[in-house]
Amino acid sequence: MSHTRTHTSRRGLRLLTLAIACLTASTSPSRADAGDRSEAPAGDTKTKAAATHVFVVGGMVHLGDGRIVPNATVEIEGTKVVAVHEAYTLANVPSDAHTIDATGKIVTPGLIGADTSLGLLEIEMEASTRDHSRGDDSLVRAGYRPSTAINADSSLLQIQALEGITSAAVAPSGGLLSGQVAWIDLLQGAHKDIVFAPSVAVDGRLGQTAAGSRAATISTLRRILQDARVLRSRASAYERRQLRDLAADAADLEALFPVLDGKIPLTLTANRTSDLLAALELAKEFDLRLVLLGGAEAWRVRAEIARAGVTVIVQPSSNLPRDFDSLGSRLENAALLHEAGVKVGIAVLGDPHNVRNARQEAGIAASYGLPREAAISAVTHVIAAAYGMDQSHGSLEAGKIANLVVWSGDPLELSSWPEAVIIRGAQIPRVSRQSQLRDRYLRRLRTR
Amino acid sequence: MTTTARIVRTLGLAATVASSACAHTRSQTTAPSEQALPDPGDSSTPLRPPVRVGASVLVKSARVMTATGLTLDEGDVLIVDGVIQEVGENLTAPEGVAVVDARGKTVTPGLIDTHSHMGVYASPGLRAHSDGNEAVAPTTPYARAQDGYWPQDPQIPWAVAGGVTSAQILPGSANLIGGRSTVVKFYPHVRSAAEAHFPGAPDGMKMACGENPKRVYGDKGGPQTRMGNVAGHRRAFEDGKNYLRALRRYEEELDKYTRGERDEAPDPVDRDLGLETIAGVIEGDIFVHNHCYRADEMLIMMSLAKEYGFTIRSFHHAVEAYKIAPELAAAGTAASIWADWWGFKAEAFDGIRENAALLFLAGARPIIHSDSAIGIQRLNQEAAKAMYAGRRIGVEISDDDALRWITSNAAWALGVDEVAGTLSPGKMGDLVIWNTNPFSVYAKAEQVFIEGTLVYDRDDPATQPTTDFSVGWDLKAAQGANDQ
């Protein structure tokens, strides 16, 4: 399938682990500072070779799919979870393995940012730092695949990762169909490996995207999908130039084939009830795997969404009628959807610099009625499943990529903090551009 | 009374400078309902709000966080006629005073936001609702936020539901000098900015550094650079200084004339509403609120302020304030900041979560502001993030310290600290009852009081403020309510 990983061998991942691993500062602080640059490629994150056999011992483990296992141990080998053990103690850990003591802590899968521009944008107002939009006028840019532009050196990556975001869907924007969504693990500096899969979804936006009209937007999208079907079934006629004009460039229509085949989802931003219903209808008509983003008024059509089995990814704090498409916005949106049986994801939409606040958003949803476990799933497993990435991400199970976080307490609570963040089996270093700026001036203040 | 105010009075003009200066002394602790009828020519004087405040209430047995350093594990707050009379333990209600049992809850002062554009950038974000930037020239000190404030902005009730009782409404930051801000209280059902005006609060003057004026005016005659920005600021203050000098000269000549030392009355100085604002700043009647991100620019603005003899009351956004924390402490300039916004433009690229903590450590005055109608709904959570980030690096910040970032420090920046911002006898009875520790993500304001009057109750929709805009969208619910 086109959305599973295609590029890195297991051996490659092991080498990567060596390059990015850094021993836990909580268990062995002296070693955390003992970075040996000679082991890392120039420019890569300061590293220290780590055992690839890691045990996160004794935590209250949230598997991500709603289940909680108290006093459990996550065993990691290489980049993957090997097992989640119950009734395991420090004494059981093999002597050559590395241990992270999570006793009294909470362990969750790494949080996942949905619909982000991570790696494609450093400073929003500076065009020279942006690659999230193919800057042409066409409405249909489905062929745009920005994964090759993802910048592993972006300062945003580690800043999010240190606060528990370990993976992200990286979506382009602009036009009615913006392009292909990449899936990354937040490995700052890992140029060759940051992209886990280059095309896991096609992203678009309803509303007044086409011809300044909501109706024109829907009919244009329908025509695009029809023409993609036509192109697929009559490719040779197209090659012989015996086909009528199509609604978009062939390359952009071809990129929709996996969407038509149901191999990857179409993620659509839509807020107004009429747009949400139109999206459901299109999904039914073309048998698409649809994911709704934003969904300000989704609670109003929750029964319909539940019947269609569509996931909605919301930003719970968005409760204002910021336009006439979102007059029905409300804080209980996530809870009402969940109650009706809709799979609800939670994200910070439109602020790549603070994707990290997804857990605060989840906390807000929880304080307005979403069960806490569902809120944790909403920033882990639900997002992975929405993008068709739950075979590898979003939960802690044997065979999954070892992306996980050891929290000091309730992961949704503002007083809690990640004490260890593990991405692809290795603990990430506890420094970021922000922490270094902070320390520069903290030192100055303290030596005043 | 200051020179500007006195002279403008002499001229018989109903000036806002005069009115703010007077109002400040007139009604320090007076609930608006008790005030004399307003002078209709003076638009900054509060009218009588349709819903009166100034009630009496005893809130009992709560964890009382006063924002003065004192926290009572189980304490009471007694408000009489809108004014806090006593904070203590085992207080008894005077006859006829309602008692609210707040056992297990936490009580704080009403939160105060130093930076809001509600009313001037209302929801829905229609072009017709864009009333915050008079972007016709880089210097528009004559513009007043109170004249653009739409009290039916449906965002406002949500701020109250978040425990916010007062806010400064500012012009935007397109201009070097965007105009006057106004401080409002969220009295229910007000119909104008005048009715919402915080009694006695001085106006502010909004200034901006950096990218925004450059971007807006770079192709429209400038400023195009930070050099141009500062030159523009300096030019404005030179003009203000000259205006003040002319007014003073006029006053001297007028005095001579009244003493008979001069035959003819001097020609009065033509009133200039913009220069009057700047003169008010130099005189100390109007507080400067300066949108400024970068440390170097803040240092420049502080030295400019010194040159013209005023103090910047608060920098706003100030993502690099932590770099000049000792200098801000020494100048007595507050920093109104976000907990974690950063990176959306170059001048915000060095933002850190520990900005407030480092300011606090240096003895400066951090304030958590929103600049957002979403953020204003949970100033408590934003302060929490800033506080916990500081604690994690070993800065000792108490809950009460962090509470001041959204109450008493903000009150100080807005010039209302004598009457608001803490739970202390003599201050306005603005308070919030929270279901739990306000620094929890699960915290909710359950009841909000303004001057002793319940203006929001989470469990009672009838008390929840609404705006005209929010009426009429849910006809089924409306019909249901009519049928009852």
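In what order do the eight strands of the open sheet in chain B follow one another?

**View 1. The open sheet of chain B in the predicted model.** The eight strands are arranged in the order E6-E7-E8-E9-E10-E11-E12-E13, and their pairing is mixed. Strand E6 (111–116) and strand E13 (365–368) of chain B each have a single partner strand and stand at the edges, so one side of each is left without a neighbour in the sheet. On average, and with direction ignored, neighbouring strands of this sheet are turned by 25 degrees against each other.

**View 2. The contact between chain A and chain B.** Here 32 residues of chain A are in contact with 38 residues of chain B. Helix H11 (358–367) and helix H14 (433–446) of chain A each supply at least two residues of the side of chain A that touches chain B, and the largest share of that side, six residues, comes from H14(A). By class, this side of chain A has 15 nonpolar, ten polar and seven charged residues.

**View 3. The two domains of chain A.** Chain A is divided into domain 1 (10–108 + 424–446) and domain 2 (112–393), and the contact between these domains takes 16 residues from domain 1 and 16 residues from domain 2.

How values were computed
Residues are numbered from 1 along each chain as its sequence is written. Chains are lettered from A and ligands numbered from 1 in the order in which they are written. This is a predicted model: local features need pLDDT of at least 70, side-chain atom pairs count only at pLDDT 80 or more; totals for chains, interfaces and linings use all residues. Two residues are in contact if their C-beta atoms, placed from the backbone, lie within 7 Å. Helices (H or I, at least four residues) and strands (E, at least two) are DSSP runs, numbered from the N terminus. Ala, Val, Leu, Ile, Met, Phe, Trp, Tyr, Cys and Pro count as nonpolar, Asp, Glu, Lys and Arg as charged, and the others, Gly among them, as polar. Domain bounds come from an automatic or database domain assignment. Two strands pair if DSSP finds at least two bridges between them. Axes are lines fitted to C-alpha atoms, for helices over the stretch in contact, and angles run from 0 to 180 degrees between N-to-C directions.
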